[in-house]
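Let's take a friendly walk through a structure together. Have the sequence and the 3D view ready, and follow along as we go.

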Amino acid sequence: MTTVQVTEVAKSFGRTQALAGATFAAGPGVTGLLGPNGAGKTTLLRILATVTAPGSGRVRLLGRDPRDAQDRLEIRRRLGYLPQEPGFHRGFTVTEFVDYVAILKEMAGRAERRAEVRRVVELAGLTDVADRRIRALSGGMRRRVGVAQALLGDPDLVVLDEPTAGLDPEQRLRFRDLLSRIGEDRTVVLSTHQTEDVAAMCPHVVVLDGGRAVFDGTPSALTASADGRVWLSDARSPEARLAWRTPDGDVRNIGDQVPAGARALRPTLEDAYLLLVGDRARNSTGQVAA
Amino acid sequence: MSETTWHVDGEVLARYAAGQVTSAVAASTEAHLTSCGTCRALLAPAIPTERLDGIWLEVDDRVDRLSLPWFERVMVRCGVGEDTARLLAATPSLSASWLGSVAAAAFLAASAADTSPRALFAFLTVAPMLPVAGVAAAYGRDADPAHEIAVAAPYSMLRLLLLRTLTVVAVTLVLTVLAGLLLVDEGWAAAAWLLPAAALTTATLLLSSRLTPVWAAAWVMGTWVGGVAAAWQATGTRLAAFGALGQSFALAVTLGCVALLVTQRHVFAFDTRRSA
């Protein structure tokens, strides 16, 4: 079942073209959007969250057209959204802020709304700080507040822009567990710079580059695209498109031509991603060529 | 507490569980239940879970209500609904520091207005811009940190904008009218800025459908100052913009902007962000 259908969507901001005909479809489950900085991930997610309208192309969400006012309202009633830079009213406590969003989500009945707020605060692991002011929380905690508000009302479509940014390893694991449970029967679309997150919890991955979807498939299919293109050697190979020294002292090379004497390696999702988007990805992943 | 030697009749317990006993019987039963584990054990399975959950929700709700922040408590006492009070609590230009600045600006301008015609002109020019500044700081990406989350929610953005605007304008008007009445001698002058204020505020709201509220307010205030100066230049009368013609023009602008706002309300459904 397709719940998100994006067809030839383009969007420009002045002279900057953020999306240049992106096309992909997603259904229930977790879909991960990968791409270097400026690839158009945030713009695409903002369109999926109905925050901005596409310049051209067609979008259908949960079987509805977000250009139509009534359809857009119905989509928003079934949507949870975490922006890339979620702002918070810092004077609010965690509970007050999530309750504020619950009011915006038209949750009627004060007592029921409070119960729902408590539920998502607990889901995000924030019960202990529920009455603490947001300005007193760490960046990771604030991120979890953002996630908590996105889960209000058990939405059918959850759009999360870099939800794991700023989370420590334990929080990230908890978050993966939470998302994979949500994604069992709902559509979750998230963007991330972390290929490990995609490998761990996304059965579907879309790679954006230059405003277009340059890959749309499973993580294993993406990884397989790098078969025979990753090898270890003592020194950086001139044929390698990217190479870096591993903690063991060897150099991990990725490229199209394997030099003689090099030891072939089983590729990872990150290798395949780097091969696909090339040098632009290095800025996103922090990977440094040797 | 020791266990009692008698027990509540089973039928009475069943009626108590269903909420069908008189208050006297309920009070007597409850007094007994506090000291009788046997009757409590008999009663527990008879209590409908939904009813119990509902009671707990109500208890939680009452407890939560006691801890409302001061601003929301004040709004609720003024007759504003609790949900609306929470939406308003997130308005930056309703913070104590902002309102203090508005009051200070209004009182300074008004106290100076009493001393010379030039200062009266300054008061009349500044006063209509105070609510506009409040509106600019009440809504939108620049003022509301959670604006993007709000846009993606089903709550009408135009409704939120109007709600905050009305509150900000009402509070600002009270402060500025008070300052005018207390400190400006010429009676007409204390009210001559009201229609221009309405015109500037509605024009800002209208432009907010295309620009961020801060930019919209900047454009409107710049145009206002230019217009006041131009009217003075054209007529040779310093307060020309506040005369009958100026007031009529302000009324026409207000009505026109309100009409356009109604027809363009759908535009507020999206963010006005202009960059990726």
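In this predicted model, strand β1 (residues 4–13) of chain A pairs with strand β4 (residues 56–61) of chain A in the antiparallel sense, over five bridges. Strands here are DSSP runs of E with at least two residues, helices are runs of H or I with at least four residues, and both are numbered from the N terminus. Two strands pair if DSSP finds at least two bridges between them. Across from A:Gln5 you will find A:Arg60 in β4(A).

β1(A) has another antiparallel partner to look at: strand β2 (residues 16–26) of chain A, joined to β1(A) over eight bridges. β1(A) and β2(A) make a hairpin with two residues between them, and A:Gly14 in the turn has a positive phi of about 65°.

Elsewhere in chain A, an open sheet of four strands runs in the order β11-β12-β10-β13, with antiparallel pairing. β11 (242–245) and β13 (263–264) of chain A are at the edges with a single partner strand each, so one side of each has no neighbour in the sheet. Inside this sheet, strand β10 (residues 230–233) of chain A is joined to strand β12 (residues 251–254) of chain A by four bridges.

| Residue | Partner residue | Strand of the partner |
|---|---|---|
| A:Val4 | A:Ala26 | β2(A) |
| A:Val230 | A:Ile254 | β12(A) |

Now for the helices of chain A. Is helix α1 (residues 41–48) of chain A enclosed or open? Eight of its eight residues are buried, so α1(A) is largely enclosed by the rest of the structure. Buried means that 20 or more other C-beta atoms, placed from the backbone, lie within 10 Å of the residue's own. Among these buried residues are A:Lys41, A:Leu44 and A:Arg46. Just after α1(A), A:Thr50 takes a positive phi of about 65°.

Two packed helices are described by the angle between their axes and the distance between the axes. The axes of helix α3 (residues 94–104) of chain A and helix α5 (residues 139–150) of chain A come within 9 Å and cross at roughly 35°. On the α3(A) side the contact is made by A:Val94, A:Phe97, A:Val98 and A:Val101, and on the α5(A) side by A:Val145, A:Ala148 and A:Gln149. Residues are in contact if their C-beta atoms, placed from the backbone, lie within 7 Å.

Chain B has 14 helices and zero strands. Buried residues make up 36% of its 276 residues. How many residues of chain B are in contact with chain A? There are 29 of them, and they touch 35 residues of chain A. Helices α4 (49–66), α6 (82–89) and α10 (147–151) of chain B each supply at least two residues to this side.

Finally, a word on confidence. The mean pLDDT (the predictor's confidence in each residue, from 0 to 100) of chain B is 81, and 83% of its residues reach 70 or more. The complex has an ipTM of 0.87 and a pTM of 0.78 from the predictor.

Residues are numbered from 1 along each chain as its sequence is written, while chains are lettered from A and ligands numbered from 1 in the order in which they are written. Local features need pLDDT of at least 70, side-chain atom pairs count only at pLDDT 80 or more, and totals for chains, interfaces and linings use all residues.

Technical notes:
Axes are lines fitted to C-alpha atoms, for helices over the stretch in contact, and angles run from 0 to 180 degrees between N-to-C directions. Two residues are in contact if their C-beta atoms, placed from the backbone, lie within 7 Å. A residue is buried if 20 or more other C-beta atoms lie within 10 Å of its own, exposed if 12 or fewer, and partly exposed in between; C-beta atoms are placed from the backbone.
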